[in-house]
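Here are my notes on this entry, as numbered points. Please read them with the structure open.

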Amino acid sequence: MSGPTYIPPAHWNLDSIVSGLRDARVAWRGPRGRLREDAGLREFPSQESLRQIIKDLCGALFPMRLGPIDLREEVEDFYVGHTIGAALDALLHQVRLELQYVGRHDQADPVDTQQRAIEIVRQFGAELPRVRAALDLDVTAAYQGDPAAHSVDEVLLCYPGVAAMIHHRLANVLYRLNVPMLARIVAEIAHADTGIDIHPGATIGRSFFIDHGTGVVIGETAIIGDRVRLYQMVTLGAKRFPPGENGELKKGLARHPLIEDDVVIYAGATILGRVTIGKGSTIGGNVWLTRSVAPGSNVTQASLVSDMPDCGLGG
C-alpha cells in the first residue's frame with residue numbers, strides 16, 4: 001500500500017509582491033507631496049468606525065425601535081444619554097482625523113485642531129433633536145404615501161428610503177459643519193446598504209418620501225422642497241461639467257435640479273441641470289427632462305411638448 005501523495009507547499013513570492021506594492025505607493029504619493037506620511041500614523045477617517053457611530057445614533061434617535069432588543073422604557077433616557085455620549089466621543093476622533101488630514105500641509109496647532117473638532121461635534125450633537133423631528137415627518141410621509149404600509153413602525157424598520165434619509169439627515173449636518181469626508185462616508189454607507197445615492201450636500205425639505213428606492217440618485221447641489229415623493233431609479237443629476245483653467249472639473253457649481261413643494265417624480269425619470277420643477281408638478285416614468293416646468297405641470301413622455309408651457313425659468 002503506497003503512502004500519502006506528497007503535495008509541495010505553495011509559494012507566493014511575497015517579497016516581490018510587497019516590493020511592487022511599495023513602488024506603486026511611492027509613485028502615487030510622490031507627485032502629491034506625501035512620500036512621508038504623518039509620522040507613520042493613519043490620517044484618514046475610518047468607514048468601519050463611522051458605521052458603528054451611525055448605528056449607535058440610530059438607536060439613540062429611535063431607542064424603542066432601533067435600540068437594543070432588551071431596552072425598557074423606564075431606562076430609555078439613560079440609554080440615549082450613554083449611547084450619544086459614546087457616539088460623540090468616537091465621532092470626535094474621526095472629526096479630528098479629517099481636520100488633521102485637511103491641514104496636514106499647514107502645520108496646524110494640535111490644540112487648535114482639537115478645539116475645532118470639539119466645537120464641530122458639540123454642534124452636531126445639538127442638531128440631533130431637530131434631526132429626529134425631521135425624520136418623524138419623513139416616516140409619516142412614507143406611511144401615508146404607501147398603501148402597502150401597515151404602520152409607521154414597519155416603515156421605520158423596513159423601508160430603505162427611510163434608512164437612507166436617516167443617514168442623509170445626519171450626513172447633511174456633518175456636511176454643513178465642514179467635515180465633508182465624514183459626511184460622504186456616511187452617505188456611501190447608506191448607498192451600499194440601500195442602493196440609494198444621496199449626496200450629503202443635497203438640501204431636502206420636510207416630509208420627504210422615496211418609495212422602493214433602488215437606483216435613486218440625488219446630486220450635491222439639488223434642492224428639494226416639502227412633501228416631495230420619488231420612486232425608484234429617479235436621477236436628479238447634472239447636465240454638464242465645465243472644466244476649469246487647469247482642465248479639472250470645476251467644483252461646487254450649482255448644477256442639479258430645484259424641486260419645489262408637492263412634486264411627485266415617478267420611476268425612471270431623469271432630470272438634469274439647474275432646472276426648476278414647479279410646485280405641485282407630476283413627472284411621469286422614464287421622462288428625460290433638461291428644462292424647467294411651470295407649477296402644476298403634468299409631464300409624460302407623450303406630452304413633453306404640449307404639457308410643458310415655457311415658464312421662463314431657464315434650462
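1. Which side chains meet in a salt bridge at 3.0 Å, N to O? Arg65 and Asp153 do. Bear in mind that this is a predicted model. Arg65 sits in helix 3 (residues 63-66) and Asp153 in helix 6 (residues 152-158), so the pair ties together parts that are 88 residues apart in sequence. Arg65 is partly exposed, at 28% relative accessible area. Asp153 is also partly exposed, at 35%.

2. Across the whole structure, a search finds twelve salt bridges. As background, side chains of opposite charge can pair when their charged atoms come close.

3. Look next at helix 5 (residues 110-145). Arg130 and Glu127 both lie there, three residues apart, which is about one turn of the helix. They form a salt bridge, and their closest N and O atoms are 2.6 Å apart. Arg130 is partly exposed, with 41% relative accessibility. Glu127 is partly exposed too, with 24%.

4. Helix 8 holds a pair of its own. Glu188 and Arg184 both lie in this helix, four residues apart, again about one turn. Their salt bridge has its closest N and O atoms 3.2 Å apart. Glu188 counts as partly exposed at 26% relative accessibility. Arg184 is partly exposed at 37%.

5. How do helix 7 and helix 8 run relative to each other, parallel or antiparallel? The axes of helix 7 (residues 160-176) and helix 8 (residues 180-194) cross at roughly 175° and come within 8 Å. Angles over 145 degrees count as roughly antiparallel, and the two helices are therefore roughly antiparallel. On the helix 7 side, the contacts include Pro160, Ala163, His167, Leu174 and Tyr175. On the helix 8 side, they include Leu182, Val186, Ile189 and Thr194.

6. The surface also deserves a look. Trp12, Leu14, Ile17 and Leu21 form a nonpolar patch there. Together they have about 460 Å² of accessible area. Ile17 belongs to helix 1 (residues 14-29). Ile17 is partly exposed, with a relative accessible area of 42%.

7. Finally, a loop residue. Lys251 is in the loop between strand 7 (235-237) and strand 8 (258-259). Is Lys251 buried or exposed? Lys251 counts as exposed, at 73% relative accessibility. C-alpha to C-alpha, Lys251 and Ala148 are 41 Å apart in space, and 103 residues separate them in sequence.

Terms used. Residues are numbered from 1 along each chain as its sequence is written. This is a predicted model: local features need pLDDT of at least 70, side-chain atom pairs count only at pLDDT 80 or more; totals for chains, interfaces and linings use all residues. Side-chain values use heavy atoms; hydrogens and water are left out. Patches are made of residues with over 30% relative accessible area and no salt bridge: like charges are joined within 9 Å, nonpolar side chains (Val, Leu, Ile, Met, Phe, Trp, Tyr) within 5 Å. Accessible areas come from the Shrake-Rupley method with a 1.4 Å probe; for residues, only the protein chains shown count as cover. A salt bridge is a side-chain nitrogen of Lys or Arg within 4 Å of a carboxyl oxygen of Asp or Glu. Buried means under 20% relative accessible area, exposed over 50%, partly exposed in between (1.4 Å probe, protein chains only). Axes are lines fitted to C-alpha atoms, for helices over the stretch in contact, and angles run from 0 to 180 degrees between N-to-C directions. Angles under 35 degrees count as roughly parallel, over 145 as roughly antiparallel, 65 to 115 as roughly perpendicular and the rest as oblique. Contact means heavy atoms within 4.5 Å.
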